[in-house]
Amino acid sequence: MRTNPDRRSTSPLDRVRNLGILAHVDAGKTTVTERILHLTGTTHKRGEVHDGTTVTDFDPQERDRGITIFAAAVSCAWDDHRINLIDTPGHVDFSDEVERSLRVLDGAIAVFDAVSGVEPQSESVWRQADRHGVPRIAFVNKMDRTGADLDAAVASMHERLGTVPLVTQMPIGAEDGFTGVVDLPRMRSLVWDGDRGGYEEGPVPDTLREEAHRRRRLLEETVAELHPVALEEFCSRSTVSATTLTAALRDLTRTGEGVVVLCGSAYRDRGIEPLLDAVVACLPSPLDVPAVRGTLDGAERERPADPAAPFAALAFKVNSTATGRLTCLRVYSGTVRKGDTVLDASTRRSERVGRILRIHAGRHTDVDRAVAGDIVAVIGPKGTRAGATLCAPDAPLLLEPPPVADPVVSVAVEARRGADTDRLVSALARLVEEDPSLVVRTDPETGQTVLSGMGELHLEVAVEKIRRAHGLEVGVGRPRVAYRETVVRGVSGLVYRHVKQDGGAGQFAHVVLDTEPLEATGEHGGAGAAVFEFRSAVVGGRVPQEYVRAVEAGCRDALAEGPLGGHPVTGVRVTLTDGATHSKDSSETAFRTAGRLALREALRIGVMALLEPVTEVTVTVPDDAVGAVLGDLAARRGRVSGRAARSGASVITATVPLAELFGYATRLRGRTRGRGTFTARPAGYAPAPAAAAG
């Protein structure tokens, strides 16, 4: 599908395509990217994932693991068009990278495995693209594999994704005998010769002619149902011309009413040229998408994709490299040049653009300027973070940043050598700056440094990056759970006398205490803070008021460590019923000490219970996985409190001990084939099994 020459505008932006490659892990999207780069002359040697020689998987961890981890941008040219291409990760743990990429893209190629069809992460990234309104074309890859079935893959797209597939090709040969395709709009064959490279165009083979006509007719009918011009021609002529069909396919792709489907084998270099033709013909240019909208002083503003308009760009990725601190930008309007001063609208700080680079994954080429529609990297901004808006200082605009998902998995990290603690803090800060989906915090109760992210592989990659980039030895473990202890049955009339004589002024304090359970109040049952109440029932001034306050302070000191395991104590009421003083040796210090030791003794004598933090979990799963998920929640001591149906899925609400949630994200994905998600929020404390804190 070549571009219609009559449609080409005089603007250079009409010849720009900003697109991403989306797929489930191992569907072959990085190989598709490599073949595009090789075919367009951007690279002179084909990179292979299994050899670790791909351009876009340039990070050492990507080459070691054989998967895409970080979104990588490259630029190439085809049919007099510049294509800015982002190869996105296919693993669910790195879906936030996909989210940030989709925010700045105008179109996408969705790659599907011809054997597996729509896979779990295919569905996830498709839904992400739906949320951003990104037009897509589909490429059914690996047609040379045993069991490859284009029709089955297309059927899964219709059933699982709810889209209208517009199949424009028919395979020639099957599995290992796959050699080419029939181009249905133009009714021609495209056959690739692996030895010579490229394809030969010819007539449709006689043995396939009848089936090809049947499939073209089906394509015409589907398009006519959706496109008024095609419908008019179909009704008047009982067919649709190649020109009308091509124009209709373009319109339906850009409105999202249909998805053009092509097929091939990227590994064998078959089907890439028509795929690039479809990119140019069907996917939108920056001029074809709505003008970007932002806010200025609370009012909404619009900026056109015009190099002469005021400059506005969105930072979607930040990287620290040997070249410097790279900030990747999508320029939506205006022009930026080397040496310009721009405004970071998110922080109201001025930043200087020292260099502008055209991105080629791990390599970069200096350019003097970037204009509306460009995806480039800049060196110079010091404090700009992913999601920030860079704009002209005299025409500020704040663009909506990409959403950041809440982390679901946490690990405790520490430097193995005490001398490296400060370096680890600095490394973690840089890590969070580069990847907003990572969160670092210090647990105020356990003192541990906790790193949270989107999955166990996500955290594993993050920790390994610290080890490799900073040469640090990092220990990783499960975060400690912040248990509590509470009073089940208190004591009455506990007498404690504190007497200390060491040559000078002595210490004397006599107190009588009652303890009893105190019911927690508040939304989360006192989560995160000890619930404590102190009363004085002393009469006759036997204990002066200043000493009563000292006793209360001493009791609060005693709450720091309970008798069961040294955990903070919550849910206790203490009543000071009596006491006595000494004219010389009594003091606030003496009564504070007496209060602390008296309550500690009372807690030891009384009946105590261990409490563990619990979370309210909301799990969204496909209907066919509900049984497995409910069984797993029960095994984790979860108590299901509700279940509802929502858009073809089930939403389960349960209360689960926090200690049982470690590893749950990975288990849930395994039980639902990657289609299950969950959120969690603190829900207070509940009694724990006797050995829970052991």
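Reader: What is the strand order in the open sheet of three strands?
Author: The order is S13-S12-S24, with antiparallel pairing. Strands here are DSSP runs of E with at least two residues, helices are runs of H or I with at least four, and both are numbered from the N terminus. Two strands pair if DSSP finds at least two bridges between them. This is a predicted model, where local features need pLDDT of at least 70, side-chain atom pairs count only at pLDDT 80 or more, and totals for chains, interfaces and linings use all residues. Residues are numbered from 1 along each chain as its sequence is written, and side-chain values use heavy atoms, with hydrogens and water left out.

Reader: Which are the edge strands?
Author: Strand S13 (299–303) and strand S24 (398–399), each of which pairs on one side only.

Reader: And how many bridges between S12 and S13?
Author: Five, in the antiparallel sense, with S12 covering residues 292–296. Within that pairing, Thr 295 is opposite Glu 300 of S13.

Reader: Change of topic. Is strand S1 buried or exposed?
Author: Eight of the eight residues of S1 (residues 16–23) are buried, so S1 is largely enclosed by the rest of the structure. Buried means under 20% relative accessible area, exposed means over 50%, and partly exposed is in between, using a 1.4 Å probe and protein chains only. Val 16, Asn 18, Gly 20 and Leu 22 point one way, while Arg 17, Leu 19, Ile 21 and Ala 23 point the other way, and all are buried.

Reader: How many residues are in the largest nonpolar core?
Author: It has 47 residues, and those with the most contacts inside it are Ile 83, Ile 109, Ile 137, Val 182 and Val 223. Helix H9 (residues 272–282) supplies the largest share, eight residues. A nonpolar core is a set of buried Ala, Val, Leu, Ile, Met, Phe, Trp, Tyr and Cys residues joined through side-chain atoms within 4.5 Å. A second, separate core of 31 residues includes Val 409, Leu 428, Leu 451 and Val 474.

Reader: What is Ile 109 in contact with?
Author: Leaving aside neighbours within four places in sequence, its contacts (heavy atoms within 4.5 Å) include Leu 19, Ile 21, Ile 137, Phe 139, Leu 275 and Val 279.

Reader: How many aromatic pairs?
Author: Three. Rings of Phe, Tyr and Trp (its six-membered ring) pair if their centres lie within 6.5 Å; planes under 30 degrees apart count as stacked, over 60 as edge-to-face and the rest as tilted. One of the pairs is Trp 192 with Tyr 199, with centres 5.3 Å apart and planes at 55°, so it is tilted. Trp 192 is buried at 5% relative accessibility, and Tyr 199 is partly exposed at 27%.

Reader: What about Tyr 547 and Phe 591?
Author: They are stacked, at 4.7 Å centre to centre and 15° between the planes. Tyr 547 lies in helix H12 (residues 545–558) and Phe 591 in helix H13 (residues 588–605), so the pair ties together parts 44 residues apart in sequence. Tyr 547 is buried at 14%, and Phe 591 at 0%.

Reader: Which charged end sits over the ring of Trp 126?
Author: That of Arg 136, 4.5 Å from the ring centre. The rule asks for NZ of Lys or CZ of Arg within 6 Å of the ring centre and within 35 degrees of the ring normal.
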